[in-house]
Amino acid sequence: MSMGSSAPPPAPEPDPGPAENPIKARWAAHKAAILKSYQVTSVKVSAAFMAEEDDIEVTKSVKSVDRTRDRLRQLEGDSASEKQMRMTQTEYTDELKRLHKEIARAWTSGERVLSIKLMIKCTKLLADTRSAPQFYPTVFVMVTEMLDTFGSLVYERIKNKAEVNPENPDGKRKRLPRDFEPSDINVDACETCRNWFYKIASVREVLPRLYLEMCLLPCYKFLSKGEYPKVLARMAATLRGLGDPLVSAYAGVYLTKMGGVMAPEAKEYADACVQDYLTRFSDYGDGPSLNTSKAKRIYENVEHHEYLHLHSPAVDWLMSQASPSTFKSVIKGYRDNCGNSMVLGWIVDKFSARNYSENAAAMVTLARQAKASRTGLLGVFGKLARGFQAFPPPQEQRMLVLNEVWKYVTKCEDITSYIACATEWLEVVLLHYSPLELSVLMRDIVKHLQRAEGASSTSGGQGEELARALDPLVQLLVRHSYDYNGAILKGGELLQILDKFKNSHKADHSKELLETFNKNSEETDDPVLINTLFEVSRALHDSLDSLTPEGEQRHVASLINGFIEKVNFGKDFERQLNTYVECRSAFSNLDDVKERLILCTNRLCMRTLAMVKGRHSKKTQAFVKGCLAFNHITVPSIESVLTRLNLLVYCGWVGLRNTCLPQTDTFLKAAISLVPEAGASGAAVGEVVRWVGNFCGLLVMVPGSPEFGPFYLMHALIKAVGKWASTDEESSNAAVVAMNAAARNHAKAKCLMTMVGTCSAWGQKKLPYGCAGVDSNDTLYGGGKDYMEELGELIKGILGEVVVEIEACAEGAMKDELMLGFCETLLGYFDRDDVCLKVVKNMVKKVEKGGTGGGKWKAWLAQVRGALEKEVQSRAQ
Amino acid sequence: MNPEHSSIEITLSRFDRIYRPGETVSGSISITAKDGWSHPALTVTATGTATLSKPGDDKAGGEIPPRKLLEETVEFAPAGKLAMGVNRFPFSFPLKGLGGKMLLETYHGAYVSVNYHLAVVMERGRMKRTLEKQVEFIVEVPMTKKSLDEAVPLPFEITPKSLTNVKSTKVSKVPDFVVTGKLHRSNCLINLPFTGDVTIEVSEQPISSIELQLVRVESINKALVTGGGDAGAKEYVTERTEVESLQMSAGDVTRGLPVPLYMVLPRVYTCPTLSTAQFKVEFEMNIVVVFEDGYCVTETFPVTLHRTQ
């Protein structure tokens, strides 16, 4: 239940001093936690509370002394016979919010008397611990917020008076500096302030009087310096006059909060509050068995542990305000009068473990002896563990402490408390113990989880609660997963624990695990480790489905790839390949992973080659063939055509390098037959052109086939590119279709020109580059007559097609580009004989005359043409 | 600018309006005059009176004549003409008692009252409304004796046996209790809070509350009250009334843990303990322990209040 936006606006805070910020933030967090936890269904409210506010005596009246006793009797009698009505929690809190607003409104409209009356009425609510004790902490928060508002209003009023010049009230105001002194305050403001303190000092009942003085604490600053320790000490002692333990505990909370804001150096009063709390605990702490009237009154409304739970936020805050140096006396007070685990838990939590880590064993004993509460033994142990994480027990006590603690923890029936406690101790063990203890703990945790699962059906809510409790445990394990050489990952328990989670939850943890591993681990060959991560990855992979967004799939794939890259079996290549095979079947839905596997396999081939220094043995050759076979099978399962094309080229190259010519052949043929599909799969035209360039580069080295001729692959490629270019596109938009077709034809021409390059390379006596161990066309055919003739026909064919494409192309920049490209091709790959020059010259002329006239290259083109003409002429002579 | 109505305001130099004998009381009178008029010499009169009232229903013999402590008239403006608008006139006079007698401290009691006023009265002839204004000011009278260094604490213990209003035979019927404590000073300084502590050592019955009650003990010379008899004889009629009752604790307090007693003495409703031939003003503190069954135990402590320099 939240406070909602209808809460009154926060009043301006007074500026008390430099140390206020941390305590204010802590107070805000503390309040929020209370509001969340302490709820109730209905509240009994006295009719007088809802009645008009006129029960405060502000003026004095004369009373005879003898009548006093009767009056007291009458007041007591009134409260007993008061009518009560029921309200829901929402109605009640709404009423409180309304009163909060009303206090501020009355003040600002000058009805200050009404304002203070309302404030007093509301503080009296804090005297009531009977009608809805479970709700008391929340009521406390709401009423103290009203007190904060009220205190600010008074403070601001006095501050205003201090800033106004009494001799010239309408004139310029003088701002008070942040650290003002009483001497800066004019008489008018001083008197007003003093009057306020007189007014609250005359409030008859102790509870409102005390709370009002607390909320006006900032105003002491106007009157004197250095008064705070004395004032706070007096108020701390006054708390003893609040007989109800719940009332006095929370009053102590507000006192130490206000004192902490105004005078953080004054600590003695806070220590006194803590000591008084511990001393008084024996009045009620042991529950209804105490059989005193006080205990009876408390426990007729609330159950024992629930009552302690109501005290818990107050103890939490008080312990946090105590001076760190008082640990010994606090423990003594605890021992003498308290002995309850709820209190011990907060002592352990709020005092630095530096105080007790040296006596770790004694603290464990103290915890064991503590009396029951909701915190319980495990709660205290958990808090001790948190302390020990930073300040571990001394070496000689460590095993004793762990054994002692675990003896009790392992007996715990409630799985959620067990996990919470075990998580804290696990961290202590990870930080300060050894792998041996770690594995013992892990096994125990798994055992408990299995038992819990077997015992109950972990339906809905309980299952969720357990998952929430397991979260910190798993995060801890993930954070430390690489400790002790990945001991956690190697133990089987992690997987078993992960299994306890539901899908998306489990997936999140798996991802974290992989990320941590990838970030921290080196390459590994440890089979257990690899197996663990493999299982985690597999589960993660399986959790993806068609609804998973693409970004998510990419992310998971990159995590798995990270893992795959870390697997390194050194010289045992077989094992490595086997792992890749397993991965492929496990991660079959993620193309990115399959791509990576192919690249890894290729790398494996190259490493094998390096190992045999370029000369394969029968065995290694067979192995490489196996790798290539793996790739051959894997590539088609990838969706993206362009990726496949790239991979096939790469695999072809690897095959070539390893002198596996049949395999190379297969790859290249597969690639060529894929080209026509490039258009349909959405590969961009430019990418296809680029790919063709790569392919042609490789093709230079590829030897021809005795069966099909030296240039059979080139022939096939030409056909394939042609097919690709003439793909019929299905689109209703004719213009788009036409544009795309034009683009493809243009691209086709470019491809063809690239192919010319390869062909011209084939015409050389020695190829510009080759592949070790492979006889390429220069060696195979040695420039023989048939060979050269066939080559010439091929080239002519290609050039012819290019010209066709150029002529078919529409006038414009694209055409010019093609024509100039053609010129380059001729000049670059052919002897510059007369025919060649003439053709080029004519082309250039055409470009000049063409639609765009050569554009900005006009001048340059003219130059070129001029040069060509000159050359032609000089040759003619 | 011509105001709607004429009026008089008296402003004292001190915001708290507190002065001590021997000091100079100063301030200013501002007369807002509509149209302005001529006037004779204008004066402000300071008066101080001790008023006594007869306790009980017996009003035989009429009221007790009040005693004049201070009467001082000071001229603040000679005869002249008041301008239209606001006219300001400063004034001052030394604060001292009539006939050199000692002044008494301002005190608002039940049967005794000491008040000081400043008043301006301006007659304007039969046809016009008389302008007047009166303000109260406060006189504090520190003691002439040297400062009171020695605190006189007052420890106490209350048990059923120590009760004075229960027959010894019935003591056994009273639920068992032991209450101890102390007043830090029985000779209190009036400008400081009254302090002490009280501890419920033992109590069979749960405690409902502990109250601290300040009681004024006013005594008036019998002769003045009855209207006859020997005024010289020191016989007084005494009345006790409550000044203030503050709750010191609520609910059943922990046994053996001292609970502070703390009361800020209310201004003006208290004054230093005083004794004259005509009347006495004295004080008592009552500590009242109220048990859950409604039974009350009251212990009375006479205290003296003093004001130091």
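The model is predicted. Chain B contains one helix and 21 strands. Of its 309 residues, 30% count as buried.

The overall dimensions of chain B were examined next. Its radius of gyration is 26 Å, whereas a compact globule of 309 residues would have a value near 19 Å. The C-alpha trace of chain B spans about 80 × 50 × 40 Å along its principal axes.

Chain B is divided into two parts, domain 1 (7–139) and domain 2 (154–306). Taken over C-alpha atoms, the centres of domain 1 and domain 2 of chain B are 37 Å apart. The two domains touch. Domain 1 of chain B brings 17 residues to this contact, and domain 2 of chain B brings 18 residues. On the side of domain 1 of chain B that touches domain 2, ten residues are nonpolar, four are polar and three are charged.

One open sheet of chain B has three strands in the order S1-S3-S8, with antiparallel pairing. Strand S1 (7–12) and strand S8 (85–94) of chain B are the edge strands. Each has a single partner strand, so one side of each is left without a neighbour in the sheet. From one strand to the next, the twist averages 20°. Strand S3 (residues 24–33) of chain B is joined to S8(B) by ten bridges, and the two strands run antiparallel. Within this pairing, B:Val25 stands opposite B:Phe93 of S8(B).

Strand S11 (residues 131–139) of chain B takes part in two further pairings. With strand S2 (residues 18–19) of chain B, S11(B) runs parallel, over two bridges. Here B:Ile18 has B:Ile138 of S11(B) as its bridge partner. With strand S10 (residues 112–122) of chain B, S11(B) pairs in the antiparallel sense, over seven bridges. In that pairing, B:Met122 is bridged to B:Leu131 of S11(B). Both senses are known: strands of a sheet pair through backbone hydrogen bonds, either parallel or antiparallel.

Another open sheet of chain B is built from four strands. Their order is S12-S13-S15-S18, and the pairing is antiparallel. Strand S12 (154–158) and strand S18 (259–263) of chain B stand at the edges. Each of these has a single partner strand, so one side of each lacks a neighbour in the sheet. Neighbouring strands of this sheet are turned by 20° against each other on average, direction ignored. Strand S15 (residues 194–203) of chain B and S18(B) run antiparallel and are joined by five bridges. B:Gly196 stands opposite B:Leu261 in S18(B).

A:Glu205 is placed in the loop between H7 and H8 of chain A. Leaving out residues up to four places away in sequence, A:Glu205 touches B:Gln247 and B:Ala250. A:Glu205 has 17 other C-beta atoms within 10 Å, and is therefore partly exposed. In sequence, A:Glu205 and A:Lys124 are 81 residues apart, while their C-alpha atoms are 9.0 Å apart in space.

A second residue of chain A, A:Tyr712, was also inspected. A:Tyr712 lies in helix H35 (residues 712–725) of chain A. With 14 other C-beta atoms within 10 Å, A:Tyr712 counts as partly exposed. Setting aside neighbours within four places in sequence, A:Tyr712 is in contact with A:Gly704 and A:Ser705.

Definitions and conventions: Residues numbered from 1 in each chain as written. Chains lettered and ligands numbered in written order. Predicted model: local features only at pLDDT ≥ 70, side-chain atom pairs only at ≥ 80, totals over all residues. Rg over C-alpha atoms; globule rule 2.2 N^0.38 Å. Buried ≥ 20, exposed ≤ 12 C-beta atoms within 10 Å, placed from the backbone. Domains from an automatic or database assignment. Contact = placed C-beta atoms within 7 Å. Nonpolar A, V, L, I, M, F, W, Y, C, P; charged D, E, K, R; others polar. Pairing = 2+ DSSP bridges. Axes fitted to C-alpha atoms, helices over the stretch in contact; angles between N-to-C directions.
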